[in-house]
Amino acid sequence: MNDAETSVAELRAVIERFVAERDWQQFHTPKNLTMSLSVEVAELMEHFQWRTPEESAAIAQDPELLTEVAHEMADVACYLLALSSSLGVDLSSAIEAKMVLNRKKYPAEKSSGQWAPPKA
């Protein structure tokens, strides 16, 4: 599998099959999945905590650290995909709709190079 050739639906199916094989659907409530997602994001953040911006970018050059970060990123993605399945949210449609809202909130001509939303 790789990003260029794998659809969100295929990823969701991988997660759903893994969960079903273990009879974990009973535990995959939106509440539990959201809490687990938060825990995994915190574990991902630990790899960057206390590092300078330069040190955090250098993780990409350290194969061992990068693998650890990639594993945490995968955990985050897995829980997000499981949550989208649990709630029946089409993640691609949700992202597309959110980007429409973001384009209105952060127009390129007013937001370029700015970290804060443009002032009204």
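This is a predicted model: local features need pLDDT of at least 70, side-chain atom pairs count only at pLDDT 80 or more; totals for chains, interfaces and linings use all residues.
Guide: Local features here need pLDDT of at least 70, side-chain atom pairs count only at pLDDT 80 or more, and totals for chains, interfaces and linings use all residues. Residues are numbered from 1 along each chain as its sequence is written, and side-chain values use heavy atoms, with hydrogens and water left out.

Visitor: What makes the contact of Arg 22 and Glu 21 a salt bridge?

Guide: A salt bridge requires a side-chain nitrogen of Lys or Arg within 4 Å of a carboxyl oxygen of Asp or Glu. The N to O distance for Arg 22 and Glu 21 is 3.2 Å, so the pair qualifies. The structure holds one salt bridge.

Visitor: Why is Glu 21 called exposed, and why is Arg 22 called partly exposed?

Guide: Buried means under 20% relative accessible area, exposed over 50%, and partly exposed in between, with a 1.4 Å probe and protein chains only. Glu 21 has 56% relative accessibility and therefore counts as exposed. Arg 22, at 36%, is therefore partly exposed.

Visitor: Why does Arg 12 have no salt bridge?

Guide: Arg 12 is buried, and its nearest side chain of opposite charge, Glu 16, is 4.1 Å away. Lys and Arg count as positive and Asp and Glu as negative, while His and the chain ends are not counted. The 4.1 Å separation is not within 4 Å, so Arg 12 and Glu 16 form no salt bridge. Arg 12 lies in helix 1, residues 8-21; helices are DSSP runs (H or I, at least four residues), numbered from the N terminus.

Visitor: What makes Ile 15, Val 19, Leu 33, Leu 81, Ala 82, Leu 83 and Leu 91 a nonpolar core?

Guide: Such a core is a set of buried Ala, Val, Leu, Ile, Met, Phe, Trp, Tyr and Cys residues joined through side-chain atoms within 4.5 Å. These seven residues form the largest one. Helix 1 and helix 4 (63-87) each supply at least two of its residues, and the largest share, three residues, comes from helix 4. Another core, of six residues, lies apart from it and includes Leu 44, Leu 65, Val 69 and Val 76.

Visitor: How do you know that Leu 33 touches Tyr 79?

Guide: Contact means heavy atoms within 4.5 Å. Leu 33 touches His 28, Tyr 79, Ala 82, Leu 83 and Ser 86, not counting residues up to four places away in sequence.
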